[in-house]
Amino acid sequence: MLTSHPHVVEAGVIGIPSEKWQEVPIAFVVVNHPSITKQQLLEYCQSQLAKYKCPTDFIFLNQLPRNASNKLVRAKLRDYI
């Protein structure tokens, strides 16, 4: 869903532990426009998703970790937290 935003090139979402909830989503994004903010992405997600599905944080990366088959390696995303 995040990749439907015009300034998001690629994205990956993982769940992280939460005291209030069992898990909350956190998004890792690669953007093509340097002025895009976390708040803008959050507002976009809130307009497209149910509240519980909206990421609680956004981490901007230059590229997402991928394996030899070009698949996203979600386990390596945890290293950026």
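A salt bridge is counted here where a side-chain nitrogen of Lys or Arg lies within 4 Å of a carboxyl oxygen of Asp or Glu, and by this rule the count comes to two. The model is predicted, so local features need pLDDT of at least 70 and side-chain atom pairs count only at pLDDT 80 or more, while totals for chains, interfaces and linings use all residues. Residues are numbered from 1 along each chain as its sequence is written, and side-chain values use heavy atoms, with hydrogens and water left out.

**View 1. The salt bridge between Arg 66 and Glu 10.** The closest N and O atoms of this pair are 2.5 Å apart. The pair links distant parts of the chain, 56 residues apart, with Arg 66 in the loop between strand 3 (58–60) and helix 2 (74–77) and Glu 10 in strand 1 (residues 8–17); helices (H or I, at least four residues) and strands (E, at least two) are DSSP runs, numbered from the N terminus. Glu 10 is buried, with a relative accessible area of 17%, whereas Arg 66 is partly exposed at 35% (buried means under 20% relative accessible area, exposed over 50%, partly exposed in between, with a 1.4 Å probe and protein chains only).

**View 2. The salt bridge between Lys 38 and Asp 57.** Here the N to O distance is 3.3 Å. Because Lys 38 lies in helix 1 (residues 38–48) and Asp 57 in the loop between helix 1 and strand 3, the pair ties together parts that are 19 residues apart in sequence. Lys 38 is partly exposed, with a relative accessible area of 41%, and Asp 57 is also partly exposed, with 28%.
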